[in-house]
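Please work through the following exercises with the sequence and the coordinates open beside you, and try each task before reading its solution.

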Amino acid sequence: MAERNDISGLLAFIGREGDWRERLQDVVAEHLIPALEEFELDQEGLADLLGEQWTGVLWGCGFEDFLGQRYEDGNIVDLYLKRRGWKETALNRAYFAALRDAPVSLYEVSNVQPGTSMTLRDLLSDAAPVTVKEISATRTLKQWDRIAVRVVPEREHHVISGALLPFRAETVDFLISGLRDALKLKKRDALRLTRDQLLTCAPIFTTAWLFIEIDRALTPAQPQFTNSDGDDVLFHDLRYLFASGVTQRAVAERLDRVKGFLPQGPKLWSWLAERKGRGGKAGYDIMLDTQMEGVTVLGSMELKGKALLVTVNSTERADKVRKLIRDAAGDLLRSHLTTIRTVDQMRADQQRDRPSEEVEEIPPDIARQLMRDHMDKHYRETLDAPIPALGSKSPRQAVHTAAGREKVIDWLKLLENHSARHDEGPITEYDFSWMWAELGLEEHRM
C-alpha cells in the first residue's frame, strides 16, 4: 500500500490518460518556460547550470500546481480518488485532497527544531503562524530563512509539500514586484493575497526563483572589498626618502603635530578618524578596516632608517595622506615611491611572510569564549552606531518610531540569519536574544 508522499499511483494514472498527461506538461511548462526563454536555455541546460537536484523540485512546483487545477471535465485528484482511491491508504487520500487545495505562499522560518519541526509565518497573508512537522528541511533551514512551499493540514498537525524553494532576499523582492504587477496593485496597496489569488499566481513563485538563480549561476557575484569610507580596497605603500641631512627625530616632530596621527611609539603612528556609519556599497561588499574604540584606523606610518613608510588601503586615502605629509613635512622629504597591491596580493605576501614553525593553537573552549566576548562588544557598540539600512540612525534611535521598528526587526533578522548560516563554531551558536530584549522587541522574535 502507498504511503503519504508516494505519488507513483497518481503518476501512473495520469500517464494513462492522454489529456491529463498533456495538461500536466502544460502546467509544468508554464512554471519553467518564461525563464528558459529569457536565458535561452533548454531543460537539459537548466539541469547542467543549477544541478540535477533542482530538476525534481522545479517539476514538483508545476506538478503541485496542476493538482489544484480545475478543468471543464473536473480535477485530476478528484478523478483519481474516485477511480483508484481504494488502492491508497486513508492518510494518503487525505493528503492528496489537502494538497489539491493548498496554495503555495512565501513563508518566514523560525523556531527551527532540527529533525522535528519549525514555525512558518505567511508573509503574503494575515494568517497566524503555523508549526509544521518536518524532518529533512529542518536540518538545513535556518532562523528567518524565507521559503516558497505549500503547507498541508494533516490530522492534528501540518506538514509541507515536497516542492520547496529557498528564497534569497533579492528573490523575495523580485517575487513581490511580480505579484504586485500581476495583481495590478498600486504602491500604497498592501500585498495581501487570498487563497484563490495565490493559486492563480503559483507560476510566478517558480519564475521569480528561476530568474534570480539562473542569473546568479551565469554571472556569479564576486565579493568586493571596501573600507568604511566606501572606497574600493587597493593597498598603497608609500616610501618617502629623507632629504639630505634630515634625521628621524626631525620628521617625527612634524608628524606628532598632525591632527589624527596618533603616536604608537617613537617611530610609529596610526592615522585615525572618528568612526562613521558604514559607507560601503550595497551587495556582496566586505568591509576591510581596523576598528578601535570609537575610531577607524585609516593607515599607518613608520620611520625606518632614512625613510618614512606609509600604508593605506585605498587610492582616495593615499591622496589624502600625501597632502597631510606634504603640508607637515614636505621640506624634509624627497619625492615618494608608491607600490600598489590588491587584496589577493596582500594575502599572498602575508602567507609568504608567515613563520614556517607551527603556532600553538588556542584551546577551542577559550577560542569560543574570546569570539563570544568580541561579538558581544561589537554588537553593543553597533546598537549605538548609525546604520545605513536604518536611515543612518542607530538601532536605539530607530525603534522609537513604528517605521523604524520594522526596519530594526528586519535588520536583526538579517544579522541572525547570516550568523546561523556559518557552518559551525561560535558565530553560528551566537545568541542574539539579548539584542531583541535590549531594543524592546522580544515579542517580534517569537
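This is a predicted model: local features need pLDDT of at least 70, side-chain atom pairs count only at pLDDT 80 or more; totals for chains, interfaces and linings use all residues.

**Exercise 1. Determine how many aromatic pairs are counted, and characterise the pair of Trp20 and Phe66.**

Solution. With ring centres required to lie within 6.5 Å, the count comes to 11 aromatic pairs. One of them joins Trp20 and Phe66, whose ring centres are 6.2 Å apart and whose planes make an angle of 65 degrees. Because planes over 60 degrees apart count as edge-to-face, the pair of Trp20 and Phe66 is given that description. Turning to the sequence, Trp20 belongs to helix 2 (residues 18–38) and Phe66 to helix 4 (residues 53–67), so that the pair links distant parts of the chain, 46 residues apart. As for accessibility, the cut-off for buried is under 20%; Trp20, at 4% relative accessibility, is therefore buried, and Phe66, with a relative accessible area of 0%, is buried as well.

**Exercise 2. Classify the packing of helix 7 against helix 9, and identify the residues that make the contact.**

Solution. Helix 7 (residues 169–182) and helix 9 (residues 202–218) have axes 9 Å apart and pack at an angle of about 140 degrees. That angle makes helix 7 oblique to helix 9, and the crossing in which helix 7 passes helix 9 is right-handed. On the side of helix 7 the contact is made by Glu170, Thr171, Phe174, Leu175, Gly178, Leu179 and Ala182, and on the side of helix 9 by Ile204, Phe205, Ala208, Trp209, Phe211, Ile212, Glu213 and Arg216. The residues of this contact of helix 7 with helix 9 divide into 10 nonpolar, 2 polar and 3 charged.

**Exercise 3. Examine the backbone and the accessibility of Asn111 and Lys184.**

Solution. As background, most residues other than glycine have a negative phi. Asn111, although not a glycine, has a positive phi of about 50 degrees, and Lys184, likewise not a glycine, has a positive phi of about 55 degrees. Asn111 is placed in strand 1 (residues 104–113), whereas Lys184 is found in the loop between helix 7 and helix 8 (195–200). At 36% relative accessibility Asn111 counts as partly exposed, while Lys184, with a relative accessible area of 70%, is exposed.

**Exercise 4. Describe the surroundings of Ile409.**

Solution. Ile409 lies in helix 15 (residues 402–420) and is buried, with a relative accessible area of 5%. Once its neighbours within four places in sequence are left aside, Ile409 is in contact with Trp436, Leu441 and His444. Pro395, which is 14 residues from Ile409 in sequence, lies 9.5 Å from Ile409 in space, C-alpha to C-alpha.

How values were computed. Residues are numbered from 1 along each chain as its sequence is written. Side-chain values use heavy atoms; hydrogens and water are left out. Axes are lines fitted to C-alpha atoms, for helices over the stretch in contact, and angles run from 0 to 180 degrees between N-to-C directions. Helices (H or I, at least four residues) and strands (E, at least two) are DSSP runs, numbered from the N terminus. Angles under 35 degrees count as roughly parallel, over 145 as roughly antiparallel, 65 to 115 as roughly perpendicular and the rest as oblique. A crossing is left-handed if the near helix is turned anticlockwise from the far one by less than a right angle, and right-handed if clockwise. Contact means heavy atoms within 4.5 Å. Ala, Val, Leu, Ile, Met, Phe, Trp, Tyr, Cys and Pro count as nonpolar, Asp, Glu, Lys and Arg as charged, and the others, Gly among them, as polar. Buried means under 20% relative accessible area, exposed over 50%, partly exposed in between (1.4 Å probe, protein chains only). Rings of Phe, Tyr and Trp (its six-membered ring) pair if their centres lie within 6.5 Å; planes under 30 degrees apart count as stacked, over 60 as edge-to-face and the rest as tilted.
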